[in-house]
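Please look over the model below. The report that follows covers helix packing, a sheet and salt bridges.

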Amino acid sequence: MGNAAAGAVVMEGLRASVAGLDALFLEDAGLEGAAPDVDVLERKSEVRLQRLAVWARLEAQIAAGKALDAAEFAEFQEAMTPPEATGSERAFVEMSTTAEVAGVLTLSSGAADALIGGSRKICAMPLVWGALATGSMSWRHAVIVADEADCLAPDGTEALVAHFFDPGAPHRARGSAPGDLVPSQFRRKVRSWRERSYPDSVQERHSRRVADRRMEYRPDADGMAWINLHLPGDTACAIWNKTTAIARGLQGPDETRTLSQLRPDVAAALLLGAHTGTADPARSDDGQEPGNTAGSHGTGTHGTGTHGTGIQGTDPYAVDLSKIPAPRADVLVTVPLFTLMGTTDEPADLDGYGPIPAAMARQLVANGTSSFYRVLVDPRNGAPLEIGRTSYRLTEAMKRWIRMRDGHCTFPGCTNPSTDNDTDHLTAWHHHGTTGVSNLAQLCPRHHRLKHNSGWTPTPATTTEPPGWTSPAGRHYPAQHPDPQPPHWPPGLLTGQTALPGGTPGGSVLPSAGTPGGSALLSGGTPSGSALPSSRSDGMTGTPADDTELSPLEAVLTEILVA
């Protein structure tokens, strides 16, 4: 699309939006003399929502026009620069261009530079700019695409844009359109696709960014300040979860602080060490002592204020860590199996954070960090494999994993959400049932009681599928089958060139050709549904019960799964 045509698209959209607003304003004015049977307030409320939607569309269309003009202005300035200009002369032209835009829009130089840079990237992606020009998504959404595609080669950028914006793309993104997601959700979706589709760049970029880790201190108004930590994702996630777990342990009938208030108090106690006294029972909800209108920081028993010394005194923010049971925040690390083996570098997923480099995931698993639980991903279909637990009691990580597999109550027709469900042993523990994933499922409280007080019987679950159900009348209701996306296979495996750990040649474990539906057969003709280690009676994953000799790949997988 040429520049003139692009400008025409923007103007056409603006005119349509303004006409829509005009009609809504006229309708609103006409409601003053509406007939008695018209609910004026209800209709006026609806008109406001409709106008808000049009205002949002107008904002996006205006942003598209600004981006087009900013990008073209920068291009024109470059075009007018003499070809023989030196590097320093070109730098001054760029500075002057930024200053001109900053002056027109009353922006700082940094903001103007960011606007020009983002505008040029977005205008270079016609599908993204077109979505902005039609008002189907916001400027923030467009900037997210530009940011996340910045590290990709041109063909990678083209693939990313096509995946999310080209209706004719063969593997277009499913679910909500970009503009129907809040920006943070859209960024995570784009980033997850990028990291999974182009994993080679993840570790390289992470290695560069680790060097940028830092702590920042920024004074704020009203005697407050900010402390920011820029850390590797796994470390930051562990800090957040531990702080949250301790804060939850502090909550009780006598604790007036909210969870949001307790987190920084816990963090301060952990960092300052001595700041572990008991909180003042006379503390008010705002943290001040009764009668102290100046706050509690002005004086202290040692002359520097209670925060400055960590002395208990009457500190309203103190945390007594000695009285709190040592909590543990269980976090899932979902790792593609070949990533854990080191034969691919496909990113893993850290619960609560998102994609992490393969090396970071392998390190978390190798170090045996107690608060991180691995969830291996089946290389054939992308489904999670067993975590492996032998006790009756479930960790929070296992409960989360079951919720991830089932999605909701597994009883036929029930859609009760995961957060309100129980994790139930399908075969009762006292009837020799195991605490393995294949013997666990979600049930809402109502259907949990029904299971134990009627003839409704669950059929066996698997590591990848929830149970089905058989009714007292003998009718069978199958499980709802998940549809996970298969992970990457190591390059060369299908041609027998990839060596697995321990020198095992990939050629000895090739999926046989011609297997329908993608359910490949591993060596020896074993169906892929049973090629991996089966679920043992103790809830762990292990070797099959018979003495069938395992293929080299099966032996490697077995070793990993039972480790």
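**Sheet**

Two strands count as paired if DSSP finds at least two bridges between them. This is a predicted model. In it, 3 strands make up an open sheet, ordered β9-β10-β11. Their pairing is antiparallel.

The edges are β9 (457-458) and β11 (476-477). Each of these edge strands pairs on one side only. Strand β10 (residues 469-470) is joined to β9 by 2 bridges, and the two run antiparallel. Within β10, W469 is the bridge partner of P458. In general, strands of a sheet pair through backbone hydrogen bonds.

**Helix packing**

Helix α2 (residues 40-79) packs against helix α3 (residues 87-105). The angle is about 150°, and the axes lie 10 Å apart. Angles over 145 degrees count as roughly antiparallel, so α2 is roughly antiparallel to α3. The crossing of α2 and α3 is right-handed.

Which residues of α2 and α3 meet? From α2 come K66, F73, A74 and Q77. From α3 come V93, T97, E100, V101 and L105. By class, this contact of α2 with α3 has 5 nonpolar, 2 polar and 2 charged residues.

**Salt bridges**

The structure holds 16 salt bridges. One of them pairs the side chains of E27 and R43, at 2.6 Å from N to O. E27 sits in helix α1 (residues 3-30), while R43 belongs to helix α2. The two residues are 16 residues apart, and the pair links distant parts of the chain.

Definitions and conventions: Residues numbered from 1 in each chain as written. Predicted model: local features only at pLDDT ≥ 70, side-chain atom pairs only at ≥ 80, totals over all residues. Heavy atoms only, no water. Axes fitted to C-alpha atoms, helices over the stretch in contact; angles between N-to-C directions. Helix = DSSP H or I, 4+ residues; strand = E, 2+ residues; numbered from the N terminus. Parallel < 35°, antiparallel > 145°, perpendicular 65-115°, else oblique. Left-handed = near helix turned anticlockwise from the far one by under 90°. Contact = heavy atoms within 4.5 Å. Nonpolar A, V, L, I, M, F, W, Y, C, P; charged D, E, K, R; others polar. Salt bridge = Lys/Arg side-chain N within 4 Å of Asp/Glu carboxyl O.
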